[in-house]
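I opened my notebook to get to know a new structure, and you are welcome to read along. Here is what I looked up, entry by entry.

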Amino acid sequence: MIKEATQIAIKLLNQRGFITHAPQADIDNAVRDAVKIFSGVDVNTLTKSIEEKFYIWQDDFTSIDRKKTPWLLDKKAGITWSFWNRYEEYLREEKNIPANVIGQVHKLTDATLDKLFDPTKNRPMDKRGLVVGQVQSGKTSNYTGLICKAADAGFKFIIVLAGIHNNLRSQTQLRLDEGFLGFDTQHQRAFNQNNLWIGVGQINQGIVAHSLTSSQEKGDFTAGAANSLGLNFNTNEPIVVVVKKNTKVLERLLQWLNAQSIELEDGTKVIRNKSLLLIDDEADNASINTNRDNDPSTRINGLIRNILRLFERSGYVGYTATPFANIFIPITEDDLFPRDFIINLPAPSNYIGPDKVFGFRPVEDDEVSNSVLPVVNRISDYFSFLPDRHKKSDLPDWRSKEDVPEDIIEDFYNRVPDSLVEAIKSFIITCSIRRLRGQAMAHNSMLVHISRFQNWQKLIARITEKVFDFYRKGIEMNIPSVIEELRATFEIDNAEQKSFKTRSEQILSTELSSVDPFIQVHAWEDVLEHLHEAATKIVVREINGGSADTLNYFDHPNGLSVIAIGGDKLSRGLTLEGLSVSYYLRASRMYDTLMQMGRWFGYRPGYVDLCRLYTSRELNEWFCHITLASEELRNEFDYMSDVAGSTPEKFALKVRTHPGVLQISASNKIRRAVTVDISWAGRLVESYEFQKDPDVINSNLKAAEAFIGLLPSNPITKGSNSLWYDVDAQKIKSLLQKFKLSENLKAADPVNLLRFIDAQLSNGELTNWRVALMSKNKADKMHTINKEGFRLDVGLYSRKQDDRINSVDTYYIMRSHIISPNHEFIDLSETEKALAMERTIQFWREKGRKGEPTYISGEIVRNEFRDPRNPLLLLYFLDPKEAGLAPDSDPIVGYAISFPGSRFNAYVNYAIHEQLLPLFNIDDNFEEMQYDED
């Protein structure tokens, strides 16, 4: 009822002229009018529901384009936007999407269509582009909008590549049935339920499009099914086909399309009477050519390219949240590199993404964060139940979970980790609270993803069923001990996790409360009333290729509550509706794979405070690092989108040189050697990988001491640190010429930095340096530098090494940072820092972000406050014991350089050889450092 009342109230506000914002008085009036119709609706709940729709915002997207020929503006008035208008109404009226967000979808789809081409022009044309969103942020809604507009504009054949598994393809087809076609492509189900028209079809049945595939689990493309429809390929009505990225399926589709083509005099086959729009969902997965330069393309990649080539007019738009592999596609005219445009799409303000789940560093158990939700529970009690290095061969291959012997089930049940039991109890409580909050018919999902092996998943499913059945029966029989356990989970904190009450209170006490206006703290007596009904609806399902279980939410209009146990089929693209509790221990070596496994990202209206993620401390730290890497990549994109003349090719080259970026995808996706042009203007450069060779360490130490010996004997003291101003660039060059780093650290390589410095010196920049010798206050170990006339005692910093990346020869600092927060601003006056903080806050607000930033923006300081003549060099002496060296070894010397923005566009270039790429294909295990704030 609340949904219907919200729709009525928003319609009333729209009629009064309020589309994206409404004064509180008008909202109150609309609520009063709606309550007259729906008398049983709670006024406060309805008011919050309307406010949520009006006050969710989404920043503008940014883009990088090759030379383009705009066409849409001239033709827009002459196009009948039937499909789009129907879809827009569906988003507004049925899906209750906020007007601000619909407005951004409208702008994005217009821009994307304009970056393609006029499909009605009879001339050869092909365009390649990429839209980068966030994991589970609504990319399907965006490309459905593009499909609607493309069909209106004249694209008559539309292919959607939807993942590599049947369940994701089926889910994508169903979304297009609802958002584009308007009818249920599972015709037998539609007939049985007397429900042919769904989604947009309930708004208007007079807009016709055809589908060659259905939303059945095995409704993928076959020529027989397509021909049996009796559809004339030459119809003027749009045709859509939703297919897996599967060799056999794509071969069938290509063969069928060949039959629709005409043959030219030279024997080439071509389709001229239709313009093709090909949407590649999860474009970084399976579509990439992972073979070497001189090898044929991978089969799927080649088939996609052949389908595009068959059409005289084709547009390819990839969608992904992890674009790293796409950026490393070879830049050739015939490949899928997004040579024409890349669009960076921000998520709406109510999106629960990596920054809100993990942040850029792990949040400790006793810490209340203003920016990170109290979602993560770090666990370590599972090793005897499921070893990290478990193998498929550890267990027999059972045909189904029912075949798992009782003695094995009993053995594992006796050592089931308490954390898994707590997760299951938390899910039962979450389902109960959602019923209490009026979400009784909502879907609820719990994810258990801890092994990629199906035989282990079968065993885990049986164990999970047994644990859940214990609590379900205890609730049904009202067993006091079971009820007391659940009550304790709800309202008593313990060493392992905070209670539901505490976490809701924590969120309400911070700025995060604005993420979800429906957060509230409940009494146990109220939750208890819903416990039985919630538990009886929960089912346990094993979701993998060897199981008959499916996740078909559509067939449960009154809500499906499911504990889903699986692996790869649950790890990419698939939306788990109402996901609240995740038990996740599945590690991956690759940033993109790991981030895509995060099904817990997305939208959680009305239950943000109920969400839980149980995972290891190690994985928590990995996700923090990936969150930072992704944020840096997006910032790099936004930076380049503002630079005149930037193109997708230039962005690709720039990203290839970014520290750490080459670690984020499999090496066979990025094995092409490249010549790189790069500028360090406006960038922070850090050394974080060092050789352990004692001779190299001693040589760097002597070089640093000699450099300090050349500096004046009256440095400014900042805390325990020493600071010099107006140091001649030649002295800096002398230091860098003597310094040796790891071969892998190209971005901070002294040789490349020297070339850049020389280029900028010729422009009159980087002339007068500032140098800070950083000394840890109250350090465990000191190093003395004797200069003529005075002595410097330097406190050694502790920077933990990453044991998974380090070797006997290499010391790699965790999370790739040598500096601590605020060190980069040591040379600024208090007035300058205050102004920089004000500018940071202003920038924060311009971006529409809630709250205020914690730290000054380094990018703002480098580009707006640091004079182009005055870079900052920070020198660090590191404790050798952290590198696994003898305590009496020489300190390891590292540096960071804060380069100011430039008035010139000076670049230097260097080559990354193919043979170096395996060095970057490393385990992405990074631990958050405890930075020293002195």
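**Entry: the largest cavity.** I began inside and found that about 100 Å³ of space lies in the largest cavity. For me a cavity is a set of points on a 1 Å grid over the protein atoms alone where a 1.4 Å probe fits but cannot get out, and lining residues have an atom within 4 Å of a point. Its volume is the space filled by probe spheres set on the points, which are joined across faces, edges and corners. I noted 14 lining residues, with I352, V375, W600, R604 and C611 closest to the centre. Two elements, β14 (579-584) and β15 (612-615), each give two or more residues to this lining, and β14 gives the most, 4 residues. In all, the structure holds 10 cavities of 30 Å³ or more.

**Entry: ground rules.** This is a predicted model, so I kept in mind that local features need pLDDT of at least 70 and side-chain atom pairs pLDDT 80 or more, while totals for chains, interfaces and linings use all residues. Residues are numbered from 1 along each chain as its sequence is written, and side-chain values use heavy atoms, leaving out hydrogens and water. Helices (H or I, at least four residues) and strands (E, at least two) are DSSP runs, numbered from the N terminus.

**Entry: strand β21.** I asked which strands pair with β21. Strand β20 (residues 721-728) pairs with β21 in the antiparallel sense over 5 bridges, and β25 (residues 872-878) does so in the parallel sense, also over 5 bridges; pairing takes at least two DSSP bridges. W769 of β21 is the bridge partner of V727, while R770 stands opposite L872 in β25. I also saw that 6 of the 7 residues of β21 (768-774) are buried, meaning under 20% relative accessible area with a 1.4 Å probe and protein chains only, where exposed is over 50% and partly exposed is in between.

**Entry: two positive phi values.** Most residues other than glycine have a negative phi. I found L766 with phi near 60°, in the loop between α26 (750-761) and β21. K778 has a phi of about 55° and sits in the loop between β21 and β22 (782-787). Are they buried or exposed? L766 counts as buried because its relative accessibility is 2%, whereas K778 counts as exposed at 73%.

**Entry: T840.** I finished in helix α27 (residues 830-846), the place of T840. T840 is buried because its relative accessibility is 4%. Its side chain reaches the backbone nitrogen of S857 at 3.1 Å.

Terms used. On a 1 Å grid over the protein atoms alone, a cavity is a set of points where a 1.4 Å probe fits but cannot get out, and a pocket is an open set with protein on both sides within 12 Å along at least five of seven lines; lining residues have an atom within 4 Å of a point. A polar contact is a pair of N or O atoms within 3.5 Å; within protein, one must be able to donate a hydrogen and the other to accept it, and residues adjacent in sequence count only if both atoms are side-chain atoms.
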